[in-house]
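Please read this briefing with the sequence and the structure side by side. The notes are grouped by topic.

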Amino acid sequence: MTAFARAAVQLRGVGDVLVADIDNPPVNALSHAVRAGLIAALDRLEADETLSGLVIAARGRLFSAGADINEFNADIEPPFLGDVIERLETATKPVIAAIHGSALGGGLELAIACHGRIAADDAVFGLPEVKLGILPGAGGIVRLPRLVGIEQAVAMIAEGRRIDASEALTAGLIDRIATGDLIGEATEMVSAAVRSALPRTSERPFPLFDAAQQDATRKALAGRYRGQDAPQKAVDLLAMAARTPVAEALRLEQAACKALLSTDQSRALRHLFTAERDATRVAGVDRETAARPIDRVGIVGAGTMGRGIAVACLDAGLPVVLVGRSEASIEAARQAISKIYGSAVKRGRLSETAVEERLARLETTPVLDRLCEADLVIETIAEDPDAKRAVISAIDLIVPERTILVTNTSFLDIESLAQATERPGHFAGMHFFNPANVMKLVENVRTKRAAPDVLVTLMAFAKRLGKTAVMVGPSEGFVVNRMLSKRTREALFLLQEGATPRQIDRVLTDFGFPVGPLALADMAGLDVLAATRAARLAAMSERERGADIVERLVAAGRLGRKNGAGYYTYGDSRTPQPDPAVDTLLAAHRAERGIAARTVTDDEVRERCLFAIINEGAKLLEENAVARPGDIDVLWTKGLGFPAHLGGPMHYAETIGLSHVHSALSRYAGIVGDEYFKPARLIEQGAAGDGRFS
Ligand code: 3HC
């Protein structure tokens, strides 16, 4: 039997109105088949005298997510979206868009060229192109301001702001919100439009956008989107559209969008779009594997991490049983959680009622047996392997067979902890970052025997908590801390060699990080970092042990931001101020170690801090501690401030060239030491081969 592909645009008649349903799962992207289908619908509309007009609607969960991103890497085949849209706007019979779900990018451009728009009350509208490093290229820039004014257009085009149906109605983006049957009401709009002149969006006047407004907009966007080209280009194009006849403006808009597609920034942002979606999938696990339902969570350990995780779960609407060691510890936990919520109320983030509702879902108890109904239990006691094993065994005996048991750890050997349970298939790790209710990253840690659906469940669970999660393999420090520790090491070495805290931080913030590593250390607390160093001392090289700058700062009473002095001093403002006392301390440190300060160039600072990270990322890939280079990029851009328009450290390495990275690493191996900079095998191979991590 021959299987027929379903048409990407399906036509049906409702009375004398033709309805074209876009049907291109999963998101009704405007792929070639859809564009061709829309042209066919317009041909039929014009050819059939019995038809009074056309409604463009869609099947599935949304109207359209816009142009098909998968077509961006090759030459796009005609008919082009801009031409389809032009044809639609100039149709001689009314065309109405009936929007449900979302109308994004080209999907919205298509809708705003129609002669009228009606939307379901839960519809969302946006031009997210800028998040892919491009801009609307099918009339969004030329038409949108004519409907919604310049301010709203700037927010939507240059910042990717999305608006809901009621705001869209007020702004003039849509004409009606459907009260019942979306398609029925859209066909009524066709009948009404037949009796009046067809309103063409591009014939409306373009709003005022004078030079002063343009300057102010450019400045504001430059501050908000440091280093990103597309938001600035949006202002140029809006200014162009304000003074250029429509046909020419449409041509220039399309050309600008096409040119942006081949920029490094757009490639980087598109890489992240795909990487973020790939990262939600567990490598080696069938895509169809379903997550198990998690309706009740148990947390064992009522310390800082346990409390933070409890708040994250409560915020996600889950009932939580939090088990502490004693009545006193659970009382302290309750008070701490109330304090977190108290400050959320004070800052206007939550209402008293919302807090009450959350706290009503929280049970605190010293009794482990209360976990007997939990679908997922997270053990989060202190990082002591013996104590953890004992608690894991105790939980194992109490909870039902179906319960997934997770240990929250930042560095312990997960396989050895797995041996403490009789349910190795239902055991895995999660590494939450402190404070767990605030930090958006989670590393889920797979074990050899964890069942595929258990791993999928942990990914879904992290998503439900609003976290970006990546599945990592067992390895000390997992991915984030292992990579970060290399940057910290280099920052300390650079300080020893003659760089200053302000130079290192300036170089990395100029690169695009929101905060430099030393200002960040001050935020984390130097006493905390000194304790981490103390715990890792045995694993450190002699040079790393000797780079005891953090210990010296702490000994001098400089604990970081919390007491107003660390690598910097902090007056009343929270801005870090360079402090000559730190320069003196660094000079004394060098003198004691017999190190002669030298001039370290900004290039060396940048390369050593970044390439140390990239080299470690490559080693993690070699060890299978992380499945894809893109997973590392997601972690760094979502959680560690790596500039998204550079795509994450691994994508950045491929962009500047693995052979360049390789030769720089080899050079630094000569200066700093082979043990720190010997290029990873994957970098060596990539440099010699196709320039990619493969
Ligand atoms: N083209 C092709 N595929 C797309 C797509 C698009 N525009 N948007 C989403 N997809 C794919 C995703 O890659 C994913 O595929 P996968 O399952 O193989 O990984 C699948 O659709 C489902 O997407 P999500 O996992 O993101 O599903 P969600 O329900 O969470 O979100 C969404 C749906 C809100 C539509 C979200 O996908 C989104 O924001 N998409 C991007 C929309 C966008 O950027 N549009 C602008 C395109 S550029 C353009 O229109 C240019 C024009 O001006 C000429």
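Tyr676 counts as buried, at 6% relative accessibility; buried means under 20% relative accessible area, exposed over 50%, and partly exposed in between, with a 1.4 Å probe and protein chains only. This is a predicted model, in which local features need pLDDT of at least 70, side-chain atom pairs count only at pLDDT 80 or more, and totals for chains, interfaces and linings use all residues. Residues are numbered from 1 along each chain as its sequence is written, and side-chain values use heavy atoms, with hydrogens and water left out.

**Aromatic rings**

- A pair of aromatic rings is described by the distance of the centres and the angle of the planes.
- The structure holds 8 aromatic pairs; rings of Phe, Tyr and Trp (its six-membered ring) pair if their centres lie within 6.5 Å, and planes under 30 degrees apart count as stacked, over 60 as edge-to-face and the rest as tilted.
- The pair of Phe493 and Tyr676 is edge-to-face, because the ring centres are 5.1 Å apart and the planes stand at 80°.
- Phe493 belongs to helix α18 (residues 480–497) and Tyr676 to helix α29 (residues 674–677), so this pair ties together parts that are 183 residues apart in sequence.
- Helices (H or I, at least four residues) and strands (E, at least two) are DSSP runs, numbered from the N terminus.
- Phe493 is buried, with a relative accessible area of 1%.
- Phe511, Phe513, Trp636, Phe642 and Tyr652 are linked into a cluster by ring pairs.

**Charges over rings**

- The charged end of Arg489 sits over the ring of Phe677, 5.6 Å from its centre; a charge sits over a ring if NZ of Lys or CZ of Arg is within 6 Å of the ring centre and within 35 degrees of the ring normal.
- Arg667 lies over the face of Tyr668, and the distance to the ring centre is 5.1 Å.

**Domains and the open sheet**

- The chain is divided into domain 1 (9–261), domain 2 (297–474) and domain 3 (499–503 + 515–580), with bounds that come from an automatic or database domain assignment.
- Taken over C-alpha atoms, the centres of domain 2 and domain 3 are 30 Å apart.
- An open sheet of 8 strands with mixed pairing has the order β12-β11-β10-β13-β14-β15-β16-β17; two strands pair if DSSP finds at least two bridges between them.
- Which strands stand at the edges? They are β12 (362–365) and β17 (468–472), each with a single partner strand, so one side of each is left without a neighbour in the sheet.
- From one strand to the next, the twist averages 25°.
- Strands β10 (residues 297–300) and β11 (residues 320–323) pair in the parallel sense over 4 bridges, and Val297 stands opposite Val320 in β11.
- Helix α12 (residues 304–315) lies across several strands, including β10, β11 and β12, and runs at about 175° to β11.
- Axes are lines fitted to C-alpha atoms, for helices over the stretch in contact, and angles run from 0 to 180 degrees between N-to-C directions.

**Strand β4**

- Strand β4 (residues 95–99) is mostly covered, with 5 of its 5 residues buried.
- In a regular strand the side chains alternate between the two faces of the sheet.
- Val95, Ala97 and Ile99 point one way from β4, while Ile96 and Ala98 point the other way.
- Strand β3 (residues 53–58) runs parallel to β4 and is joined to it by 3 bridges, and Val55 stands opposite Ile96 in β4.

**Backbone exceptions**

- Most residues other than glycine have a negative phi, and most peptide bonds are trans.
- The peptide bond from Pro25 to Pro26 is cis, with omega near 5°; Pro26 lies in the loop between β2 (17–22) and α1 (32–47).
- The peptide bond from Pro78 to Pro79 is cis, with omega near 5°, and Pro79 is found in the loop between β3 and α2 (81–89).
- Asn28 is not a glycine but has a positive phi of about 55°; Asn28 is in the loop between β2 and α1 and is buried at 3% relative accessibility.
- Phe478 has a positive phi near 50°, lies in the loop between β17 and α18, and is buried with a relative accessible area of 0%.

**Arg552**

- Arg552 lies in helix α23 (residues 549–555) and is buried, with a relative accessible area of 19%.
- Leaving aside neighbours within four places in sequence, Arg552 is in contact with Leu585, Ala588, His589, Glu592 and Arg593; contact means heavy atoms within 4.5 Å.
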